[in-house]
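User: Hi! I'm new to this one, so please walk me through it.

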Amino acid sequence: DEYYGLPRDNAQSYWTFMHEHLFDHIDILPENINIPDGNVPLDKLEQYCADYDMKIKSYGGLDFQLLGIGRTGHIGFNEPGEAFDKQVHCVNLTQSTIEANKRFFASADDVPKQAYTMGIKTIMQAKKILIVASGEDKAEIVRDAFFGPITPKVPASVLQLHNDVTLVADEAALSKLPL
């Protein structure tokens with residue numbers, strides 16, 4: 001993922017986050033790091049997303065996908081909707097996602113309103129998926145995602161169809177699961 005409109009050197013960009021918390025601490029060649037560019041011109045955005053998706057495919061797809069789950073059931077920035085978005089795309093963030101992310105910015109007005117994200121089809125083609133959830137505020141959505149109907153209104157629910165998903169969650173996030 002990456003926020004649309006944030007330069008890489010912005011303290012809140014995913015590029016900066018991933019470098020500070022992972023890439024600067026491991027032995028990895030810069031050419032093996034693939035984080036979307038948040039500053040692609042609007043007229044080139046659709047092609048950029050298609051190229052990014054093709055790049056993933058050219059590497060043979062994803063071996064491993066690490067996901068969190070949002071309060072609305074979003075995975076990556078795949079927000080609830082009427083259909084599952086298939087490929088890498090730029091999404092308009094919901095107000096609840098903006099609210100959840102405002103803690104990282106000076107105010108909610110500073111949170112970007114759009115972001116790039118990997119599409120559901122690309123995520124589902126990963127060989128293994130690990131999803132992490134914590135806190136009581138995630139309990140209902142974890143229940144709905146893993147025990148409710150599969151629906152684009154709860155994007156994480158599609159993970160029920162994957163054959164190798166591991167959910168790692170604390171007791172609070174699991175507190176509303178059926179016994």
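User: Good to know. What kind of model is this, and how are residues numbered?
Analyst: It is a predicted model, so local features need pLDDT of at least 70 and side-chain atom pairs count only at pLDDT 80 or more, while totals for chains, interfaces and linings use all residues. Residues are numbered from 1 along each chain as its sequence is written, and side-chain values use heavy atoms, with hydrogens and water left out.

User: Back to those cysteines: buried or exposed, cysteine 49?
Analyst: Cysteine 49 counts as buried, at 4% relative accessibility. Cysteine 90, at 23%, counts as partly exposed. Buried means under 20% relative accessible area, exposed means over 50%, and partly exposed is in between, with a 1.4 Å probe and protein chains only.

User: Switching to strands. What is the strand order in the antiparallel sheet?
Analyst: That open sheet has three strands in the order S1-S4-S3. Strand S1 (2–3) and strand S3 (89–92) are at the edges with a single partner strand each, so one side of each has no neighbour in the sheet. Helices (H or I, at least four residues) and strands (E, at least two) are DSSP runs numbered from the N terminus, and two strands pair if DSSP finds at least two bridges between them.

User: How many bridges join S3 to S4?
Analyst: Four bridges join S3 to strand S4 (residues 114–117), and the two run antiparallel. Valine 91 stands opposite alanine 115 in S4, and asparagine 92 has glutamine 114 in S4 as its bridge partner.

User: And S1 to S4?
Analyst: Two bridges join that pair, again antiparallel. Tyrosine 3 has alanine 115 in S4 as its bridge partner.

User: What about the parallel sheet, which strands are in it?
Analyst: It is an open sheet of three strands, ordered S2-S5-S6. Strand S2 (64–68) and strand S6 (165–169) are the edge strands, each pairing on one side only. The twist averages 20 degrees from one strand to the next, where axes are lines fitted to C-alpha atoms (for helices, over the stretch in contact) and angles run from 0 to 180 degrees between N-to-C directions.

User: Which residues pair up there?
Analyst: S2 and S5 run parallel and are joined by five bridges, and phenylalanine 64 has lysine 128 in S5 as its bridge partner. Strand S5 (residues 128–133) also pairs with S6 in the parallel sense over five bridges. There, leucine 130 has threonine 166 in S6 as its bridge partner.

User: Which residues of S2 are on its covered face?
Analyst: Gln65 and Leu67 are on the covered face, while Phe64, Leu66 and Gly68 are on the uncovered one. As background, side chains in a regular strand alternate between the two faces of the sheet.

User: Now pockets. How much space lies in the second largest pocket?
Analyst: About 170 Å³. On a 1 Å grid over the protein atoms alone, where a 1.4 Å probe fits, a pocket is an open set of points with protein on both sides within 12 Å along at least five of seven lines; lining residues have an atom within 4 Å of a point. Grid points are joined across faces, edges and corners, and the volume is the space filled by probe spheres set on the points.

User: What lines the second largest pocket?
Analyst: The lining residues include Arg8, Trp15, His19, Ile35, Tyr48 and Lys55. Helix H1 (14–21) and helix H2 (45–58) each supply at least two of the lining residues, and H2 gives the largest share, four residues. The lining divides into six nonpolar, two polar and three charged residues. Ala, Val, Leu, Ile, Met, Phe, Trp, Tyr, Cys and Pro count as nonpolar, Asp, Glu, Lys and Arg as charged, and the others, Gly among them, as polar.

User: Where is isoleucine 35?
Analyst: Isoleucine 35 is in the loop between H1 and H2, and at 11% relative accessibility it counts as buried. Proline 41 is found in the loop between H1 and H2, and it counts as partly exposed at 43%.
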